Amino acid sequence: MMFDIDKEMLPRDELEALQLKRLQNLCERLYANVPYYRQAFDECGVKPGDVRSLKDLARLPFTEKQHLRSGYPFGMFAVPRETIVRLHASSGTTGRATVVGYTKRDVHNWGELMARCLCAAGLGPADFIHNAYGYGLFTGGLGVHYGVEHLGATVIPMSGGSSKRQVQLMRDFGATGITCTPSYAMYLHEVGMDEGIDIRDLPLRVGVFGAEPWTEEMRQEIETKLGIDALNIYGLSEVMGPGVAQECLEAKCGMHIFEDHFLPEIIDPATGRPLPPGETGELVITTLTKEGIPLLRYRTRDITTLDYTPCICGRTHVRMGRIIGRSDDMLIIRGVNVYPQQIEAILVQEEGIAPHYEIEVSRLENLDHMEVRVEITEGMFASDEVRVMLEYERRLQKAIKDFLNITVKVRLVQPRSLQRSEGKAQRVFDRRNES
Ligand code: ADP
Ligand code: ZN
């Protein structure tokens, strides 16, 4: 299903012509209205008029989170304050929050792009969508909310929290779609089972999950436990919020970035140099249509790949792979680069393991030490003896060692003993800089 066939199936050459026109216009707007960009263009020795092809993008300055922070709160806005109709702020997962502003047109476009996402996930005007992303300054809740309305479906504005009530209302209202973080979807399943409500038996059909990294194995787990199709959605507040990219139901293989609005690149995070298609690196996004706080070559810090091969769904827009980590999430353990998702991918392949884990890094006698705590399932807990557990821990340690070449301590913990989150799960605790 497609919300906007003309745009989503625009032939590549027309798409690129549109991107170039919008990029040129963006550069003019930024140079004229945002002091940071005027200065950055001048320092690079380029003028907006120098942008003659998409290749010229590589000559233009980057934008980093620190630029938004140093302009806190409104320094990067490109329009007069009277034309801003809404503010949001990033959830501050990695430091001080950054503030973003939207014009009427931005809010409209956002709703439209979110509608494209829901539609790509197989949802339509007849659906009831249970929105459990947090409402408030976080972009998740309101972003999805307006998308559902734009699509003409029915939104149930739950926000996070009160998990028992969430499951009860899912049953009572007969929601057919759900939007939340993947970890919260797993949690709702657990809460439902406690309440005697098996989500599998409800009309729920589709879940649109994002805002935190997850794996293919977790998709399998969610799809089986909840009896739904689970699809990946990507976004970040600096660039807009949810709805920057979305997986299609047909392929379930990578998220289409809506390229008529966002121009993506992959760069080497260390050197800033663009990488050829297919390579893994940091995702950089230029917002082509945003008015309130348009960004040129924004460094997302998210590590992924871009796939330009045609998709079976017919969309011409490029697909981004799962986020395998954030460049600032990357843990360096005794010199080895490790992303938490790599550990997760290994854990969830094992039977008897629940997809709940924590990673703690500490420094013992000047050496980095990583402990992975992972929950076992109820079945495993009921049946097993200590010897078997130890054996199991050893096997997981070996699997991690074989795959990542680092030695870690794996500790199996009882079912449901790790903290659950209602929004983004915090799974990594780096205590090396604590005294
Ligand atoms: P914060 O940076 O404070 O978490 P946001 O709330 O805007 O701010 O979150 C955006 C970030 O969430 C992205 O940069 C990315 O790291 C993560 N994210 C969003 N969607 C996904 C997804 N589908 N898979 C993995 N990570 C995601
Ligand atoms: Zn597709």
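Is H189 buried or exposed? In this predicted model, local features require a pLDDT of at least 70 and side-chain atom pairs count only at pLDDT 80 or more, whereas totals for chains, interfaces and linings use all residues. Residues are numbered from 1 along each chain as its sequence is written, chains are lettered from A and ligands numbered from 1 in the order in which they are written, and side-chain values use heavy atoms, with hydrogens and water left out.

H189 is buried, as its relative accessible area is 11%; the term buried denotes under 20% relative accessible area, exposed over 50%, and partly exposed the range in between, for a 1.4 Å probe and protein chains only. The residue lies in helix α8 (residues 182-194). Helices (H or I, at least four residues) and strands (E, at least two) are DSSP runs, numbered from the N terminus. Between H189 and G49 there are 55 Å in space, C-alpha to C-alpha, and the two are 140 residues apart in sequence. Helix α10 (residues 340-347) is mostly covered, with 6 of its 8 residues buried. These are P340, Q341, I343, E344, I346 and L347.

The zinc ion (ligand 2) is held by C248 (SG), H256 (NE2), C311 (SG) and C313 (SG) at 2.1 to 2.3 Å. Donors are N, O and S atoms within 2.8 Å of the metal (3.2 Å for Na, K and Ca), and sites may look incomplete because water is not among the atoms. The arrangement around the zinc ion is tetrahedral because its 4 donor atoms subtend angles of 100 to 114°; four donors count as tetrahedral if all angles lie between 85 and 135 degrees. For four tetrahedral donors, the ideal angle at a metal is 109.5 degrees. Along the chain, the donors of the zinc ion follow the spacing C-x7-H-x54-C-x1-C. Distant parts of the chain are linked by the pair C248, in the loop between β8 (241-247) and β9 (255-257), and C311, in the loop between β13 (306-307) and β14 (319-320), which are 63 residues apart. Both C248 and C311 are buried, and C313 is buried with a relative accessible area of 10%.

The cysteines were also examined for disulfides, a disulfide being a pair of cysteine sulfur atoms within 2.5 Å. The count comes to 0 disulfides. For C180, the closest cysteine sulfur, in C117, is 15 Å away and therefore too far for a bond. C180 is buried, with a relative accessible area of 0%.

Grid points are joined across faces, edges and corners, and a volume is the space filled by probe spheres set on the points. The whole structure contains 1 cavity of 30 Å³ or more. The largest cavity has a volume of about 70 Å³, and its lining includes Y102, D106, H261 and K290. Helix α5 (residues 104-120) contributes the most to this lining, with 3 residues. The second largest pocket has a volume of about 410 Å³. Of its 18 lining residues, L57, L263, P264, E265 and Y308 are the closest to its centre. The largest share of this pocket's lining, 4 residues, comes from β10.

Conventions: Four donors count as tetrahedral if all angles lie between 85 and 135 degrees; four count as square planar and six as octahedral if opposite donors are over 155 degrees apart and all others between 65 and 115; anything else is irregular. On a 1 Å grid over the protein atoms alone, a cavity is a set of points where a 1.4 Å probe fits but cannot get out, and a pocket is an open set with protein on both sides within 12 Å along at least five of seven lines; lining residues have an atom within 4 Å of a point.
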